[in-house]
Amino acid sequence: MSRNYWGYRIDKTKIDFFRQELAEGKLRQGWGWDDEQNLRQLTMDSGARRNLPIFRKVKKGDILLVPRLPTWNEVAIVEATQDFDEGYDFSIHPELEDFGHIFPARLIKSFNRTNTNVLGDLRASLKQVNRFWNMSHCKDSIEALINHDELLIDSIGFSNRFNNLLTDNISKSLEQTNFYNSFYQQMNKQFSNEEWEYALVEGIRKILPEPILVERTGGPSEKDHGTDILITLPGLLGKSYGIAIQVKDYRGLMSDGAIKQIQKADYWNNENFTVIDKYVIVTRCLEDDHPEEDFKDVDGVTILFAEQLESLLKDIATGFIGLDRN
C-alpha cells in the first residue's frame, strides 16, 4: 500500500484529553473554538487556516507521528482511517471550548524517541516545530518501528546507546574489517546532527585517559566559541591546553562555514589555558570529493572527513575491546 507519512503536533498542555479522544478514533486539533472555523466552510481564520493542509493532504492509510502522545515522553504512530477531507468533523469540545477539528484516526503503537530502535533521521525530523509536516523521507525508519514486535517505550541515553552499538557490532561480526565498516554505518543511522557530539564525547573518553577532560560545549553559547567538543589537557604549573572540535553531520560537499565557526575557539584562551589544536569533523562528506588545496589544514584547522572519522572509530573500538587495529 502506497502511503505518506506526516508529523502532527498537539497542544501539549492537554495530553490526557488528546489520548482519550484518540482512543475513540478522533484525532483533535486546536484553533477550533467557533463554528465559523469549520474547515468545510471556513469564514473566520484566527489560526484555523493553518489546519487546511492537514484537511486536504492526509489520505486513508497515511501514517501520522504525534509527539507528546499518549504520554509526554512518547510519540504516537497513528493511521488515518479515512481521507481526512471526507471523514472530517467539526465539534467544539463543550468543556474546553476549543479543539473542534476532528480527524478520523487510530493509534497503532507508541515509542520513546530515544529508544535504541529509533534511527537518527526520524529523531531529527521529530524536532520540527511546525504543526504539520511531511515525514515521507523517514518512511523506512517509521515502517521498521511499525513492524517491530518488541516494546519501544524504553528510553536509552547517549552513553548506553553508543556502548550498545559497539558491543552489538562485535557480536555480529568476527571479521574486523566488516566490524569497523558496520560500526561506522550504524553510527550514521543511529546519530544525527548534535547527537553526534554526545556520541563522540562518549567515544573519545574511551581512548583518552584521565585526567584528560572531554566535554560537550555545544549549545546557545556556541555562537561565541564555535566549539562542540573541548578536550582539556593538563600542563605544568596550573596551565592547561585545549583541543577544540566542531562536529557537522554533513553529506555531499562541505562549505567553509564550519571552519569559520571553529576559528572562534580562541575564545577559550586565557593566562592559564591555550587552545593548541582545532578540528572539524564532518560525518558523511568524503575527502575524495573535495580538492585537497581547499580543505587541508586551512588556517590551522584540520578537517576529518568520513574516511578519517571511520579511522577514529577504529581507534575507539580498539580502546574499548582491545582488538588489533590493523
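**Aromatic pairs in a predicted model**

Mentor: Nine aromatic pairs turn up here, counting rings of Phe, Tyr and Trp (its six-membered ring) whose centres lie within 6.5 Å. This is a predicted model, where local features need pLDDT of at least 70 and side-chain atom pairs count only at pLDDT 80 or more, while totals for chains, interfaces and linings use all residues. Residues are numbered from 1 along each chain as its sequence is written, and side-chain values use heavy atoms, with hydrogens and water left out.

Trainee: How are the planes of Phe17 and Phe18 arranged?

Mentor: They are edge-to-face, 5.4 Å centre to centre with 75° between the planes; planes under 30 degrees apart count as stacked, over 60 as edge-to-face and the rest as tilted.

Trainee: And what about Phe17 and Phe99?

Mentor: That pair is tilted, at 5.5 Å centre to centre and 45° between the planes. Phe17 lies in helix α1 (residues 15-23) and Phe99 in the loop between β5 (89-90) and β6 (101-112), so the pair ties together parts 82 residues apart in sequence. Helices here are DSSP runs of H or I with at least four residues, and strands are runs of E with at least two, numbered from the N terminus.

Trainee: Is Phe99 buried or exposed?

Mentor: Phe99 is buried, at 4% relative accessibility, where buried means under 20% relative accessible area and exposed over 50%, with partly exposed in between (1.4 Å probe, protein chains only).

Trainee: New topic: which ring does Arg131 sit over?

Mentor: The charged end of Arg131 is over the ring of Trp31, 3.5 Å from its centre; the rule asks for NZ of Lys or CZ of Arg within 6 Å of the ring centre and within 35 degrees of the ring normal. Arg68 lies over the face of Trp72, 4.0 Å from the ring centre.
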